[in-house]
Amino acid sequence: MVSGVSEQLNESPAEQQAWALLMAARALIDEPLESASPESLSTTDTVGLLYSHQDRSVSRVSGETAEYHLRLNARDGWRYDRQLPTETQHLLGLYLPVLGTPMQPDCVIGHLGQSVDARIATSSGDAFFVTGEENRKHLHRLRSLCQAVVVGAGTILADDPQLTTRAVSGESPVRVIIDPSARVPLDIKVLNDGQASTWLLHDSTIDLSEHTVPAGCRRIAVESAGGGLQPRAILDVLASQGIRRVFVEGGGVTVSRFFNARCLHRLQVATAPLLVGEGVPALQIPGASSMLQALRPDYRLYRMGEDVMWDFKLEDSLWETIADEAVTPAAGNSPSLTLLWSRG
């Protein structure tokens, strides 16, 4: 029996069901990765998860049974019961890709919360809060599903965020701070609150002999290639520590660097009904020379309170369109509109 019920009392039964299933799914997906390689898994290795409304818990059932709410096949990935409530299905559709599969365990996801005019903060740096409560809860869910949350030193210095899963159940991820020149002060809250393990990534040329850190923190040297720590090198270091699910939470410069390095599997952009004007820009990417060369990734569209979020799937084939201006969007292949958490 696996417990995964959110601590929030204002959740709908569908949200409670979805989150319990997702917490059980995370526990399940992490098990084979610790003990087996994808090559050793059989195509028939299937485990089902069944949610009980009575005690709001999840049981594992045989993959052969016809009764399941969510199941994992070692090679085919996740499948959920299409008879589940619509909101439960939407939540599973949004979060299951973050967990990956035994055959494709890696997921690096970036998220930006912006105004309609693509600003993540005012010119003075005020970012509290761009998006609403529903989207902020979404960030906590991503933290809980991922093994590490990554932010740049600028975000730490500006906001001193906790980067924990206070709004939902589930363990907080490892907090990874990209700090090439070791400029984050040791008295910052995130290094001293004891809420989660915290890693500081520094340029390997920095002398760390005089840099002690509080208990629960680590300093890790990363080879640089000019222009700061490269996203691929960061992900390689995390993978060497067994971390394959990574949430790049901010800020805009950090998310943009991972995007431009083609290291993101998914990019989520939540837009709030705000007009900021001059301020800190969100995604910063090279401009397309023509609209035909603009990137057109597959996406799903979600409503989160007053905000709207695009969940983009960034496949390798997406980047091929940059070099071919003759490519035109496929007709009749538009993604469907999905609404979540609508207030009316």
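How many of the 14 residues of α2 are buried? The count is 10, so α2 is largely enclosed by the rest of the structure. Buried means under 20% relative accessible area, exposed over 50%, and partly exposed in between (1.4 Å probe, protein chains only).

This is a predicted model: local features need pLDDT of at least 70, side-chain atom pairs count only at pLDDT 80 or more, and totals for chains, interfaces and linings use all residues. Residues are numbered from 1 along each chain as its sequence is written, and side-chain values use heavy atoms, with hydrogens and water left out.

**View 1. Helix α2, residues 86-99.** Helices (H or I, at least four residues) and strands (E, at least two) are DSSP runs, numbered from the N terminus. α2 has 14 residues and reaches 20 Å from its first C-alpha to its last, close to the 20 Å expected at 1.5 Å a residue. That expected span is 1.5 Å times one less than the number of residues. A kink of about 30° lies at G93, shortly before the proline P97. The bend is the angle between axes fitted to the seven residues ending at a residue and the seven starting there. Buried residues of α2 include L92, G93 and L96. Just after the helix, G100 has a positive phi of about 70°.

**View 2. Helix α2 against helix α3, residues 133-145.** The two axes come within 10 Å and cross at roughly 40°. Axes are lines fitted to C-alpha atoms, for helices over the stretch in contact; angles run from 0 to 180 degrees between N-to-C directions. From α2, the contact uses L91, L94, Y95, V98 and L99; from α3, H138, R141, L142 and L145. Contact means heavy atoms within 4.5 Å.

**View 3. The hairpin of β2 and β3.** Strand β2 (residues 46-52) pairs with strand β3 (residues 57-62) in the antiparallel sense, over six bridges. Strands pair if DSSP finds at least two bridges between them. L50 stands opposite S59 in β3. Four residues lie between the strands, and R56 of this hairpin takes a positive phi near 55°.

**View 4. Two cis peptide bonds.** Most peptide bonds are trans. F128 and F129 are joined by a cis bond, with omega about -15°. F129 lies in the loop between β7 (119-122) and α3. The bond from G250 to G251 is also cis, with omega near -5°. G251 sits in the loop between β12 (245-250) and α6.

**View 5. L163, a residue with positive phi.** Its phi is about 60°, although L163 is not a glycine. L163 belongs to the loop between α4 (153-159) and β9 (174-178). At 1% relative accessibility, L163 counts as buried.
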